[in-house]
Amino acid sequence: MGNSEDNQRGIALLLEAFCSLFSGEDLEVSLARAVSLFKDFLEADFAALFLWKEGEKALVPVVVEGRPLETLPSRIALGEGITGRVAEEREALWVEDCRKDPRVHPLCKHWAASLVSSPLIVENRLYGVLSVARGSGRGAFTPGEFSIFRDLGKCLSGFLEINKLVEDGYHAFALAVETKEPGFKGHSLAVARISKDLAAKAGMECNKRKNLYWVALLHDVGKVGVPDVTLVKPLPLDKRERLVVSLHSQLGAALISLVEPLKEAVPWILHHHERWDGRGYPSGLKGEEIPLASRIIHLAESFHAMVISLPYGEALSQERVRKELLAGRERQWDPRLVDLLLGDFDKYWTMLREYMESPYPKKLEEVSSEVTYMLLSMEILKDLSSLAVGLSHASVMDFIRAILRRLAFYLGWRGVSLLDEHGRVLVTVDTGDETMEFSHGEEGESLEVRWGGYTYYLRVRGGEVTAKEKQILETLEGFLASLMGLLFHSEGKVLRDDLTGTYTFSSIKEFFSSVVPHAQRVAVVLLDLDGFKEVNDRFGHDVGNKVLQRLVSVMEENLRASDLMGRYGGDEFVILLPRVDREEADRVMKRIRRTVEGTELVEGVPSVTFSFGIAQFPDEGRDLYTLIRLADKRMYMEKALKKERMRKELQKGTLKLGQSCPLTGSAAFLGREYRKGLELGFRWGEERYGERIELVTLDDRYEPDLCALNTEALLKDEDVFALVGYVGTPTSAVVAPLAERSGIPFLFPLSGALFLRWPTKRWIFNLRPSYHHEVEAMIRGLIEEVGVREVGIFYQDDTYGWEVLGAAESTLLRYKLEIRGKGSYKRNSLMVEEACQALLEEHPQVVIMAGTWEPCALFARKVKERGWNPMLLAVSYVGGEAFARGAGEAGEGTVVVQVVPSPHSSFPIVQEFRRGLGEGDPTHVCLEGFLGAVLLVEALKDMEEVGRESLVRSLEAANEMDVGGLRFNLSDHDHQALSSIYFTVVRGGKLVPFQSFSELVSRSLSS
């Protein structure tokens, strides 16, 4: 939507979508066409429309474009996933990068790179959710596109509101008629629904079936002109009375002709009492001279009349009804229609009973006035859509002028002006003399409207604006906002930032150009909030947005009327202070900072602060960008001074960290090696930066209960600053919730569990990739490179083993494969016999091992003793070096996945590790502990102040951080620093790296 040609194409698509909504087709068909066009307009790869089903209390997908319907859940509850969250919170959501956003389900990240989702609501009435997404091949949605998308959501909401109110209105009219005839409750509803179904069987066009439903619902509306005493008379009617009753079809046709959308269906009402043999009324039409719709309604209402008890007749049985239908075939009713009904008689009999008991949505008095203005709104929308087609090449102001003129015509206004938020008149139209302008003294009511993300005012000439006219404008707002947003977006006319309400940077540039030449001096201030990510992550983006809005409000209250504040991007702002020098500007900003720090912007959220830099016009530059660059440099100098003060404060004492890990028991090798690596890394940091860190380690023997007690002691007795280097999934599972509740950093656990990674948790940081990454890499290599089809698994029967088992099952499912054999053992035991037997019976080609080194080594020996020689693979947690020594010859050829490079690799940081280790034998686990300590040291060095929240912010800033050749990647959306997987194979009791499984197989064959 960047150039003029794209913009014109976009308007054409948008108008086609609007027209499709009011095409008169079935609701589902109209929605499907509109959503498809919205998807194309937004250049998206996927679109889905979910409608809210009040009875089921769930969202149901009704339109899906770009993916098979079966890939989406059939029901979504409020708060469930992105869609349920948007519906529950009633707020549109923009995800710029799905891969980095913790709210997006991991499976969605495979096909959605950027998405926007909007609730479909009118006055807090939920109708559904509209979502569109782009794949990785396209760019992310921009803020401008998100704004337009929200306007499209408003338009679609308005259409659904119109559709609902019109339906309620028609139903209410039908109910009003039924109240005149006791015993006929549900008659109109039953006739309408059976008629629509029969019409589909008879091959009636889709767009006609929708009108047929409404006409069938209102087929007896003419009875409002029949005296009640005649309708309820228990005795047979005399000739005059029959004549009066027969007139109801003519009166009904006359009434229907007043309903604009149903005008073409007037003959259907008029002739719905004609008979196939020509003996009906009012025109005596015969056979196919009778409109098909009339024949269908006649059969449906006769079918219903047979099964209700009336003063002049009893209800008929199923068998009797069948006989009556056969007897009347080719006499009273169209024979083909009778055959269709009898061919599915049981279904229609059931439908009849259900519809006779179905309640109507609303009472007549509740909707009559609503329907009136909704029908008028529909007509205006259809007309404006047609008008806009011819104006797609017009300028923005010409388009606005044409729209306002048409509104004034429909609503009977003498004239109307469009004003901006400052009261400046942008456009004026007059329905009498178009050259005539408003006089300054003429009074008129002003209405606030929002078009394309802006606030404007419509000033209507003369008299008060009625409630009905206000309702119509509210209905039109979404439609107009979509078009206006597109036009303003394409021409770069945005004035205000949608989120904060302050000016956009483009407005700041215009203001600078217009004001600065008349000012002797101007101070240009650039400010950046300190640690604002913490607010978003701890309290959520909605709260963060409220903080930004309140911050802007507080700051503008403390600025002069001549000052201008604008959003530079994210949480950065630019302020122009005319006639102020740098010294005075510094005093002003420090005073405002004290005010902000002393204000609780949002209840329950800690106070925020900011850093700022100032540049002076004209002494230090005459160009805005030059001045901003200088102010930015000074702002970061202030941040650096804050960090230096913090660092000196940190060096006054020793920082204490706590670790609970197995120093004895089956996982002791992992705990000891990991602790050794951490201590090496902290010593490296002290030598490099002078920061002293004490690590307090307690033995939990790989038992969750003991780990919980250890953690309590570390926090209460040792008062540790953070928890680091825990070993194992079951032990991490008991600590992670405590860390999140208490705000204690839980750093780099030796576990690949998904619950530690998704959704991203504020206080938990991982160094290593997940078990899902490990398992996916090994299975992909086995299947795609070697052709393996049979995979078994030997696993520890707890959260660790279950995690690996689940990863294997989900990965194999992508290849349409299943686990071939499972065997498990109890944690901290060597009872592997049953597992060995279970796998031996299935005899898979390969076995993945998810355990600690000792039971895995024993399993490998027992397998070989029984003469079975499958390919064995182990996830990294096995402790590869210990396994290779413990398994002996039985472990030869076992593949061990690693999450860090070889401790013998040439990376400079790995060489630093070996230098610190000295004569010791380097292991992968020890190197992992060292790298975790290095990352932590770097984060501590860059903290803005001493505090746990500051540590979190510093870790999240470690994006693309290169330390000795290894790159760490952390952010506020992703708390996993490493993502690479490495393969090793046991050769002669050692771990030898290899690149691919095809390479491994070729090596084995050559040896």
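Predicted model: local features only at pLDDT ≥ 70, side-chain atom pairs only at ≥ 80, totals over all residues.

Residues are numbered from 1 along each chain as its sequence is written, and side-chain values use heavy atoms, with hydrogens and water left out.

Some terms before the sheets. Helices (H or I, at least four residues) and strands (E, at least two) are DSSP runs, numbered from the N terminus. Two strands pair if DSSP finds at least two bridges between them.

Four strands form an open sheet in the order 11-12-10-13, and the pairing is antiparallel. Strand 11 (564-569) and strand 13 (609-617) are the edges; each has a single partner strand, so one side of each lacks a neighbour in the sheet. On average, neighbouring strands here are turned by 25° against each other, direction ignored. Axes are lines fitted to C-alpha atoms, for helices over the stretch in contact, and angles run from 0 to 180 degrees between N-to-C directions.

Strand 10, residues 522-530, pairs with strand 13 in the antiparallel sense over nine bridges. Within strand 13, Gly613 is the residue opposite Leu526.

What lies across strand 10, strand 12 and strand 13? Helix 21 (residues 582-597) does, running at about 165° to strand 13. Contact, here and later, means heavy atoms within 4.5 Å.

Helix 21 also meets helix 20, residues 541-557: their axes come within 10 Å and cross at roughly 135°. That angle makes helix 20 oblique to helix 21. For the classes, angles under 35 degrees count as roughly parallel, over 145 as roughly antiparallel, 65 to 115 as roughly perpendicular and the rest as oblique. Helix 20 contributes Leu551, Val554 and Met555 to the contact, and helix 21 contributes Met589, Ile592, Thr595 and Val596. Of these contact residues, six are nonpolar, one is polar and none is charged. Ala, Val, Leu, Ile, Met, Phe, Trp, Tyr, Cys and Pro count as nonpolar, Asp, Glu, Lys and Arg as charged, and the others, Gly among them, as polar.

Strand 14 (residues 655-661) pairs with strand 15 (residues 693-699) in the parallel sense over seven bridges, and Leu657 has Leu695 of strand 15 as its bridge partner. Six of the seven residues of strand 14 are buried. Buried means under 20% relative accessible area, exposed over 50%, partly exposed in between, with a 1.4 Å probe and protein chains only.

Last, the arginine. Arg967 sits in strand 25, residues 966-968, and is partly exposed, at 42% relative accessible area. Beyond its neighbours within four places in sequence, Arg967 contacts Glu960, Met961, Asp962, Ala977 and Leu978.
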